[in-house]
Amino acid sequence: MFKTICALLKKYDKWVILSHTRPDADALCSVLAVASLLKEKNKQFRIILGSAIPVRYRFLIDDYRDLLLPEYLEVQPGQTLKDTLGDAFAAAPAIILDCSDAERVGHFSQELFDIKIRINIDHHKGNSSFGTINAVNPNAAATGELVYDLFSACNATITPSVADLLMLAIAGDSGWFSYENTSEKSHLIAVDLMKKGARLSYVRKHLEQFTLPVIHLLTRALNNVELDPRYGIALSILRIKDFTETKTTPNDTEGIIEMIRAIEGVIAAVFIREHVEGKFQISFRSNDGFDVSRIANQFDGGGHRGAAACRCSGDVDTVKTNILNALQEALPILKGE
Ligand SMILES: [Mn+2]
């Protein structure tokens, strides 16, 4: 599969690299690593994102300026992919990274299907195979692992800065090699990345560091946690005013759900985020094997056993009650009243 992709990379001179909205370390670093590969092969490229780079990952803009400028573009709401790319790149083949579905790229997702060559490189279970070429491996802990395979297949150089990027991607998505998705191969790749100059201190600093506005937002999210010990449900909500008052955006909420899940006694963690007035994005995480994707499915969302998401709109109290009712129905009572 990666050999086929390498042959295509050789054949075409212009490329578009895309990933999902609210990009995480795996998405952004995979994008930059692929950009570095294309640069080495003397290809032209554009990097397209459907939402801004979250504040906590803005360091990448400084550290990888040579790859990002002027190649990085955001498709603004109401704008099309075609207009954003301009004529020169409008029909260029695309590499889409870390997206389980075409929709993940943002509001312009339908335009992806106008592109004749779509290379879908991803590690999510249930990937919809929206590409014309699909390099999907749900056993990989991160898309970064698949990008590593791409480098190997194309005989591309893993420079020290690419090693940093791939380590950020894999450490980010595997919870520092501790989540269930971590394999022996994840560790073997990490060993090779270290040989090639990856700096663990750099990676740790950037995965752990928060900006002050994000710390203020986190404080609100944690203060708002309500725990129902009877069922082991913990829930927190952030409203629009929480974002405006802390000078953050709904893009800055990465990691909050993990903290809610880490509360002692929690079986199901819920984080509700109001992204537009009256519109809510809801994330679920679970412990002890409880299947939260079943709950998300009830609200037309999806995901897997341990992590799922859905969207709801309407009155916040009604949304919250509906979610809690669905969870209470699915969970056994742990403790008496
Ligand atoms: Mn990922």
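The following legends describe close-up views of a predicted model.

Residue numbers start from 1 along each chain as its sequence is written. In this predicted model, local features need pLDDT of at least 70 and side-chain atom pairs count only at pLDDT 80 or more, whereas totals for chains, interfaces and linings use all residues.

**View 1. The two domains of the protein chain.** The domain assignment gives domain 1 (2-208) and domain 2 (212-330); such bounds come from an automatic or database domain assignment. Their C-alpha centres are 27 Å apart. Eight residues from domain 1 and six residues from domain 2 form the contact, where two residues are in contact if their C-beta atoms, placed from the backbone, lie within 7 Å. On the domain 1 side, three of these residues are nonpolar, one is polar and four are charged. Here Ala, Val, Leu, Ile, Met, Phe, Trp, Tyr, Cys and Pro count as nonpolar, Asp, Glu, Lys and Arg as charged, and the others, Gly among them, as polar.

**View 2. Helices α2 and α7.** Helices (H or I, at least four residues) and strands (E, at least two) are DSSP runs, numbered from the N terminus. The axes of α2 (residues 25-40) and α7 (residues 160-173) come within 8 Å and cross at roughly 155°. Axes are lines fitted to C-alpha atoms, for helices over the stretch in contact, and angles run from 0 to 180 degrees between N-to-C directions. The crossing angle makes α2 roughly antiparallel to α7, a description used for angles over 145 degrees. Residues of α2 at the contact include Cys29 and Leu32, and those of α7 include Leu165 and Ala169. By class, this contact has nine nonpolar, three polar and two charged residues.

**View 3. Helices α7 and α8.** The axes of α7 and α8 (residues 184-195) come within 10 Å and cross at roughly 155°; the two helices are therefore roughly antiparallel to each other. Ala163, Leu166, Met167 and Ile170 in α7 meet Ser186, Ile189, Ala190 and Leu193 in α8. Seven residues of this contact are nonpolar, one is polar and none is charged.

**View 4. The six-stranded open sheet.** The strand order is β7-β8-β9-β10-β12-β11, with mixed pairing; two strands pair if DSSP finds at least two bridges between them. β7 (226-228) and β11 (302-304) stand at the edges with a single partner strand each, so one side of each has no neighbour in the sheet. The twist from one strand to the next averages 20°. β10 (residues 279-286) and β12 (residues 307-313) pair in the antiparallel sense over seven bridges. Gln281 has Arg311 in β12 as its bridge partner.

How values were computed
Angles under 35 degrees count as roughly parallel, over 145 as roughly antiparallel, 65 to 115 as roughly perpendicular and the rest as oblique.
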